[in-house]
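Please keep the sequence and the model in view while reading.

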Amino acid sequence: VPGVRAALCTDAVMADGARKWADANVLALSLRLTSAPLLAEMLDAWFAGEPSADPVDRANVEHVAEM
């Protein structure tokens with residue numbers, strides 16, 4: 001789907017990093033690996049995360065968009 005940047009995350013650090021470094025806009029989860037407390041941490045990190053303003057990170061996101 002054009003414009004979708006999905007990230008499969010297994011913990012809150014990955015969810016935050018996906019938003020920060022990949023400007024991910026879809027969070028993919030594993031039902032088997034994600035407990036309710038872990039899910040709460042991941043969602044908090046996901047919704048609090050913002051894309052990085054670092055030029056290298058922005059260039060990586062733009063490169064993916066071009067592909």
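Which residues make up the largest nonpolar core? In this predicted model, the largest nonpolar core has 11 residues: Ala-7, Cys-9, Ala-12, Ala-15, Ala-18, Ala-24, Leu-27, Leu-38, Met-42, Ala-45 and Trp-46. Two helices, α1 (12–22) and α2 (36–48), each supply at least two residues of this core. The largest share, four residues, comes from α2. In soluble globular proteins, nonpolar side chains tend to be buried together.

**The chain as a whole**

The protein chain contains three helices and two strands, and along the sequence these follow the pattern β-α-β-α-α. Its C-alpha atoms fill a box of roughly 35 × 25 × 15 Å along the principal axes. Of the 67 residues, 30% count as buried. The chain exposes about 4700 Å², of which carbon and sulfur atoms supply 62%. Among contacts with a separation of 6 or more, 44% are between residues 24 or more positions apart.

Helix α2 has 13 residues and reaches 18 Å from its first C-alpha to its last, close to the 18 Å expected at 1.5 Å a residue. Its buried residues are Leu-38, Met-42, Ala-45 and Trp-46. Why do they lie on the same side of α2? They cover an arc of only 100 degrees around the axis, and therefore they share one side of the helix. An α-helix has 3.6 residues a turn, so residues three or four places apart point the same way.

The cover over the buried residues of α2 includes α1 and β2 (26–28). Met-42 illustrates the packing: leaving aside its neighbours within four places in sequence, Met-42 is in contact with Cys-9, Thr-10, Asp-11, Ala-12, Ala-15, Leu-29 and Thr-34. On the face of α2 turned away from the buried side are the exposed residues Ala-36, Pro-37, Asp-44, Phe-47 and Ala-48.

**Salt bridges**

Side chains of opposite charge can pair when their charged atoms come close. How many salt bridges are counted in this model? The count comes to three, and the table lists them.

| Salt bridge | Closest N to O distance |
|---|---|
| Arg-5 and Asp-23 | 3.4 Å |
| Arg-58 and Asp-23 | 3.5 Å |

Arg-5 forms a salt bridge with Asp-23. Arg-5 lies in the segment before β1 (6–8) and Asp-23 in the loop between α1 and β2, so this pair ties together parts that are 18 residues apart in sequence. Arg-5 is partly exposed, with a relative accessible area of 23%, whereas Asp-23 is buried, with a relative accessible area of 13%.

Arg-58 also forms a salt bridge with Asp-23. This pair links distant parts of the chain, as Arg-58 belongs to helix α3 (residues 55–66) and Asp-23 to the loop between α1 and β2, 35 residues apart. Arg-58 is partly exposed, at a relative accessible area of 26%.

Asp-16 counts as partly exposed at 25% relative accessibility, and Lys-20 counts as partly exposed at 30%.

Technical notes:
Residues are numbered from 1 along each chain as its sequence is written. This is a predicted model: local features need pLDDT of at least 70, side-chain atom pairs count only at pLDDT 80 or more; totals for chains, interfaces and linings use all residues. Side-chain values use heavy atoms; hydrogens and water are left out. A nonpolar core is a set of buried Ala, Val, Leu, Ile, Met, Phe, Trp, Tyr and Cys residues joined through side-chain atoms within 4.5 Å. Buried means under 20% relative accessible area, exposed over 50%, partly exposed in between (1.4 Å probe, protein chains only). Contact means heavy atoms within 4.5 Å. The expected span of a helix is 1.5 Å times one less than its number of residues. The arc is that of the directions from the helix axis to the C-beta atoms. A salt bridge is a side-chain nitrogen of Lys or Arg within 4 Å of a carboxyl oxygen of Asp or Glu. Accessible areas come from the Shrake-Rupley method with a 1.4 Å probe; for residues, only the protein chains shown count as cover.
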